[in-house]
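Visitor: Hi, I'm new to this one. Can you put it up and walk me through it?

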Amino acid sequence: MAEVDKSTVVATLLAAAAHGRGGLRFLDRAERETFHPWPEILERARAAAGRLQRLGIAPGDRVAIVLPTGVDFFDAYFGIQLAGAVPVPLYPPVRLGRLDEYHRQTAAMLEAAGARLLLTERRLQLLLGETVERARPELGCARLVDLPERSFREVAVAPGDLGLVQFSSGTTVDPKPVALSHRALMAQVRVLNALWPERDGVAVTGVSWLPLYHDMGLIGCVLPAMDLPSEMTLIGPEVFVTRPAVWLRAISRYRAFISPAPNFAYGLCVTKVRDDELAGVDLSSWRAALNGAEAIAPGVARAFIERFAPFGLRPEALTPVYGLSEAALAVTFSALDRPFRSERFDRHRLADERRAVPAADGQEIVSLGRPLAGFSLRVVGPEGAEQPEGRVGRVWITGPSLMEGYLGRPEATARALVDGWLDTGDLGFLWQGELYLTGRAKDVLILRGRNYAPDLVEHAVDGLPGLRTGCAVAVSWLPEGAEGEVLALFLEAHRDSSEAQLTALPEAARQAVLGATGLAVDEVVLVAPGTLPRTSSGKLRRAETLKRHRAGELEPPAAVTALRLAGSFARSGLAWARLKVGGGRRG
């Protein structure tokens with residue numbers, strides 16, 4: 001039998017449609033399903049490609065997509081690729097109160113990607129007016145259904161052609177468009193699918209609520225399902241955030257083998273999912289509960305396993321992973337057949353000597369496993385020398401799915417890619433052959449001459465009453481006239497928190513951080529729900545948080561006026577009395 005061509009996303013879609021097995025299932029807010037088999041996905045994409053060709057979209061053109069999770073997204077995504085063009089998925093506006101920021105960021109992304117056209121839906125088209133006015137894509141903003149029909153004209157797509165532009169999650173202020181070839185995308189897909197066994201001849205199935213503009217949702221879930229081919233069940237992220245039990249019920253209902261999520265999602269399930277929402281739920285099919293995209297809190301991981309073990313969740317299912325946009329997605333995986341691994345290391349040796357030294361009462365860090373097939377990594381010191389095991393440095397990687405570079409950014413590309421190696425900007429070390437991260441190079445806390453990972457401080461406050469799960473930001477900065485850096489902690493209040501909880505939260509946070517890390521927090525700032533700035537993939541932006549705080553742009557919770565903090569403020573010799581919960585403008 002001749003080998004099936006899967007060298008490009010287009011060829012793989014054709015192969016999935018010819019095979020006939022599997023497809024995409026969408027669940028709405030009422031958990032009603034709509035299933036679209038791969039042959040139907042292909043036909044819809046061909047119709048979309050014909051409309052785009054009639055409009056004048058040519059091979060190599062970049063076309064932005066601002067659409068929610070649904071079949072319309074894939075009409076656009078695959079239709080663009082069938083036309084030989086390049087999809088640029090962008091996130092829809094989710095907070096009407098933050099539209100100015102959305103317009104600014106999205107227009108910058110459209111310009112950085114060089115998008116000729118923006119595809120959206122009727123509900124969003126009016127909201128995107130200012131974005132389009134700022135970016136001025138040549139062909140404007142349109143809905144596919146409004147474009148004139150025309151028969152699809154087949155276009156040759158090669159593995160080396162640009163297949164996707166996605167934005168590095170930490171670069172929303174100065175967006176860096178990550179250019180991924182079809183070759184890179186399919187290399188990542190093959191690496192991932194090599195991990196999943198077939199069960200009795202039936203390909204593994206998955207469930208995802210992750211946004212489709214994020215690599216873990218699109219490249220990590222949909223493309224592997226198309227490659228197998230198999231079924232993937234998709235839920236809108238807005239549904240998960242408001243009703244996280246829907247995710248777990250879908251895993252049980254469709255016997256999903258794989259379903260990934262970031263750390264905050266596992267914590268949200270622990271605190272928000274009730275037993276009465278899980279009647280009849282069986283999570284025993286879930287063998288790959290991948291945990292990635294943000295720092296992993298070991299306490300959250302343990303709590304999730306304990307909370308859902310009565311519903312069939314296996315301890316070894318929770319699988320920490322590591323990856324990044326510039327590698328198309330995954331780089332390391334923990335073993336799928338063991339519970340997640342963590343170790344404790346002396347926090348002062350990590351900070352002072354950049355060395356990992358085991359200590360029973362030290363900082364607990366979760367292992368992110370070993371490099372996937374075809375990937376290699378090394379830890380590089382300040383002078384560029386490769387570090388031995390246990391030494392902290394910058395993590396460099398190489399592998400089959402690295403980006404071509406940052407589109408139109410040769411200088412940024414040259415800084416990131418050196419002789420086939422990608423400088424990830426992450427700090428970490430190897431221990432017993434496995435990767436442990438300690439933070440981002442640009443986010444390191446500098447206090448009294450020592451370096452600390454902000455995650456260490458942020459995880460210390462997990463679970464405090466009144467705090468939104470996973471919504472803490474730690475930064476250090478040097479105020480004008482001060483003798484040394486101060487440690488500031490920003491806490492996003494829960495929508496249901498009481499005034500009493502918010503009044504107690506700053507001191508509770510200071511004590512939790514002091515007990516877990518030995519660090520004294522100089523400033524605690526409570527902010528309203530949804531206030532902390534995030535990247536397009538949902539990661540908290542530490543530097544931007546501090547910038548907005550200093551500009552007085554962070555909104556306090558409605559139940560809080562001004563809570564003055566004491567303690568370490570007095571030791572600094574500054575007029576700390578002016579610092580109030582919620583930021584400067586309201587103080």
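Visitor: Let's start in a loop. Where does proline 229 lie?
Guide: Proline 229 is in the loop between helix 8 (215-227) and strand 10 (231-235). Keep in mind that this is a predicted model.

Visitor: What is the peptide bond from leucine 228 to proline 229 like, cis or trans?
Guide: That bond is cis, with omega near -15°.

Visitor: Which loop holds arginine 255?
Guide: Arginine 255 sits in the loop between helix 10 and helix 11. Its phi is near 50°, a positive value in a residue other than glycine.

Visitor: How accessible is arginine 255?
Guide: Its relative accessibility is 31%, so arginine 255 counts as partly exposed.

Visitor: And glutamine 432, what is its phi?
Guide: Phi of glutamine 432 is near 50°, a positive value for a residue that is not glycine. Glutamine 432 lies in the loop between strand 21 (421-431) and strand 22 (434-440). At 45% relative accessibility, glutamine 432 is partly exposed.

Visitor: New topic, the inside. How many residues are in the largest nonpolar core?
Guide: The largest nonpolar core has 120 residues. Those with the most contacts inside it are Trp38, Phe74, Phe78, Trp247, Leu248, Trp286 and Phe308.

Visitor: Take phenylalanine 74. What is it in contact with, beyond its neighbours within four places in sequence?
Guide: Phenylalanine 74 contacts Leu24, Phe26, Gly79, Leu212, Leu218, Val222 and Leu234. There is also a second, separate core of 24 residues. Its members include Ala474, Leu487, Leu491 and Ala509.

Visitor: On to helices. At what angle do helix 11 and helix 12 cross?
Guide: The axes of helix 11 (residues 263-272) and helix 12 (residues 298-308) cross at roughly 45° and come within 9 Å. The two helices are therefore oblique to each other. The crossing is left-handed.

Visitor: Which residues make that contact?
Guide: Helix 11 brings Asn263, Tyr266, Gly267, Cys269 and Val270. Helix 12 brings Val300, Ala303, Phe304, Arg307 and Phe308. By class, the contact has seven nonpolar, two polar and one charged residues.

Visitor: Which residues of helix 11 are buried?
Guide: Asn263, Ala265, Tyr266, Gly267, Leu268 and Cys269 are buried. The buried residues of helix 11 pack against several elements, among them helix 9 (237-242), helix 10 (245-253), helix 12 and strand 25 (467-477).

Visitor: What about helix 1 and helix 3, where do their axes cross in degrees?
Guide: Helix 1 (residues 9-19) and helix 3 (residues 71-82) cross at roughly 115°, with axes that come within 9 Å. This crossing is left-handed. Val9, Val10 and Leu13 of helix 1 meet Phe78, Gln81 and Leu82 of helix 3. Five of the contact residues are nonpolar, one is polar and none is charged.

Visitor: Is glutamine 53 buried or exposed?
Guide: Glutamine 53 counts as buried because its relative accessibility is 7%, and the cut-off for buried is under 20%. Glutamine 53 belongs to helix 2 (residues 38-55).

Visitor: What does glutamine 53 touch, not counting residues up to four places away in sequence?
Guide: It touches Ala83, Arg150, Ser151, Phe152, Arg153 and Val155. Glutamine 53 and alanine 83 are 30 residues apart in sequence, and 6.7 Å apart in space, C-alpha to C-alpha.

Visitor: Last one. Is arginine 548 buried or exposed?
Guide: Arginine 548 counts as buried, at 7% relative accessibility. Arginine 548 is in helix 17 (residues 542-550). Leaving out residues up to four places away in sequence, arginine 548 touches Arg98, Glu101, Gln105, Thr531, Pro533, Arg541, Glu553 and Leu554.

Terms used
Residues numbered from 1 in each chain as written. Predicted model: local features only at pLDDT ≥ 70, side-chain atom pairs only at ≥ 80, totals over all residues. Heavy atoms only, no water. Core = buried A, V, L, I, M, F, W, Y, C linked by side-chain atoms within 4.5 Å. Buried < 20%, exposed > 50% of the residue type's maximum accessible area, 1.4 Å probe, protein only. Contact = heavy atoms within 4.5 Å. Axes fitted to C-alpha atoms, helices over the stretch in contact; angles between N-to-C directions. Helix = DSSP H or I, 4+ residues; strand = E, 2+ residues; numbered from the N terminus. Parallel < 35°, antiparallel > 145°, perpendicular 65-115°, else oblique. Left-handed = near helix turned anticlockwise from the far one by under 90°. Nonpolar A, V, L, I, M, F, W, Y, C, P; charged D, E, K, R; others polar.
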